[in-house]
Amino acid sequence: MAALNGAVENGQPDKKVVPPPLPRPLRSLEVKYTKIFINNEWHESTSGKKFPTYNPSTLEKICDVEEGDKPDVDNAVEAAKAAFQRGSPWRQMDALSRGQLLHKLADLLERDRVILATLETMDTGKPFLQAYFIDLEGSIKTLRYYAGWADKIQGRTIPVDENFVCFTRHEPMGVCGAITPWNFPLLMLVWKMAPALCCGNTLVIKPAEQTPLTSLYIGSLIKEVGFPPGVVNIVPGYGPTAGAAISTHHSIDKIAFTGSTKVGKLIKEAASKSNLKRVTLELGGKNPCIVCADADLDLAVECAHQGVFFNQGQCCTAASRVFVEEQIYPEFVKRSVEYAKKRLVGDPFDARTEQGPQIDQKQFDKILELIESGKKEGAKLECGGLAIEDRGLFIKPTVFSEVTDNMRIAKEEIFGPVQPIMKFKSIEEVIRRANSTEYGLTAAVFTKNLDRALTLASALQSGTVWINCHNALYAQAPFGGFKMSGNGRELGEYALAEYTEVKTVTIKLSQKSS
């Protein structure tokens, strides 16, 4: 009898099990949803303006999208406030029913998985199979995880003085704003939307202007599932206008943002100057990946490679500072270069492609400028270092060795397919160097020594530490950063606290003895 992973019980391959065919993208997909989504209806922008969204693989315009601004955000907030009023259908809905709606939304993502993966690839340039198997899989699992939590959010009874009963209630915050990034548009939307709705809040969402299409498609599914009008509202637009309107709005009670540290600071400042709305931030990273001499070298090289080049290097979790113990440094560099040279760059709709284009010209130019800085500052360029000349925004996978801590490529978040490799001599040295950054999002350690692994996990100033793996993210496990990599946590039970207020209720009992 075959097990779920396709292997029989004695561990030998089951020759009868044929893997399912790979999904195929819809290359001629028509974009249906380009308007602002408020109150379960589609609206044109108040200003009448639209903005284009482009395919970074071809540099061709996909379509024009309605450009939301402050008046549109105001309309969305009014709809969300009305949906959150006492006595509204959403507030009267029991917790189990909220969970069922999230399960139904996950069902529709399953049904439309190819459409959503195709839209994500068109808009971001990420390989279609990665969008299908990673972004969509993560989105579906996150929705189902929080669907299960909806009727399990509960307070506590607290022993106080004899004549009093004290208990807590965990209540929804109200109207929540969500501003999502362009590197994982759908997945980051779901990371915010699922716990917010699970807890009973309403939402106003602004997707990144570079990649609005999957977020708008989700609007159509929200309506189809049967969420009451006003519970989820989606306003595409630019950060300095629509994003700023959300950040400063006095009727938004909480905001969640994923993006750059620079913009995160602006959002937190705007929140403090408006109504002190609660803020959760998932920001940048310059993440250490530490490879000890006793590590499984094949595993470490592969994980470090995928850790920095996945999603064209456009990941806040990217393993963008690789520290390798000096005894194995030459061999690690050699194997890393071999991996990078074999990485297939090209059409993201081609099943063989591992790396697509960068998101836009601005990001493309920034990456090439940082690569040039690495050359000028004395790092050894092992491979890559150039754009692929005949193809738009594509950059060759790049590996630098002999990198030192003072170089820009070792200090700044590159957000591109560039792997800087440094060497270290001792554990105390690498701890000090790994922590000498303003960021603290993730870290990875490769070693067979349990004591060393736990010592590093304890000493590294990072919100997540992976041991002998990288990018191991799960809906059940909290994710967030130390220092300037952010505030608060997404995912897991911990995220529920970011979308609820704790109310204490104390009751004085009668003085009469029973």
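Mentor: Let us begin with R113, whose charged end sits over the ring of Y132, 4.4 Å from the ring centre. A charge is said to sit over a ring if NZ of Lys or CZ of Arg is within 6 Å of the ring centre and within 35 degrees of the ring normal. The model is a predicted one, in which local features need pLDDT of at least 70 and side-chain atom pairs count only at pLDDT 80 or more, while totals for chains, interfaces and linings use all residues. Residues are numbered from 1 along each chain as its sequence is written, and side-chain values use heavy atoms, with hydrogens and water left out.

Y132 itself is buried, at 15% relative accessibility; buried means under 20% relative accessible area, exposed over 50%, and partly exposed in between, for a 1.4 Å probe and protein chains only.

Rings of Phe, Tyr and Trp (its six-membered ring) pair if their centres lie within 6.5 Å; planes under 30 degrees apart count as stacked, over 60 as edge-to-face and the rest as tilted. One of these pairs joins W90 and F227: the centres are 5.9 Å apart and the planes stand at 50°, so the arrangement is tilted. W90 belongs to helix 2 (residues 89–92), whereas F227 is in the loop between helix 7 (213–225) and strand 9 (232–234), so the pair ties together parts that are 137 residues apart in sequence. Helices (H or I, at least four residues) and strands (E, at least two) are DSSP runs, numbered from the N terminus. Both partners are buried, W90 at 2% relative accessibility and F227 at 1%.

Y132 takes part in a pair as well: its ring and that of F133 have centres 5.0 Å apart and planes at 75°, so this pair is edge-to-face. F133 is partly exposed, with 41% relative accessibility. Elsewhere, Y33, F37, W42 and Y217 make up one aromatic cluster.

The axes of helix 5 (residues 128–149) and helix 6 (residues 185–198) come within 9 Å and cross at roughly 5°. Such axes are lines fitted to C-alpha atoms, for helices over the stretch in contact, and angles run from 0 to 180 degrees between N-to-C directions. Helix 5 and helix 6 are therefore roughly parallel to each other; angles under 35 degrees count as roughly parallel, over 145 as roughly antiparallel, 65 to 115 as roughly perpendicular and the rest as oblique. On the helix 5 side the contact includes D135, L136, Y146 and W149, and on the helix 6 side L186, V190, W191 and C198 are among the partners. Contact means heavy atoms within 4.5 Å. Taken together, the residues of this contact comprise 12 nonpolar, three polar and one charged. In that division Ala, Val, Leu, Ile, Met, Phe, Trp, Tyr, Cys and Pro count as nonpolar, Asp, Glu, Lys and Arg as charged, and the others, Gly among them, as polar.
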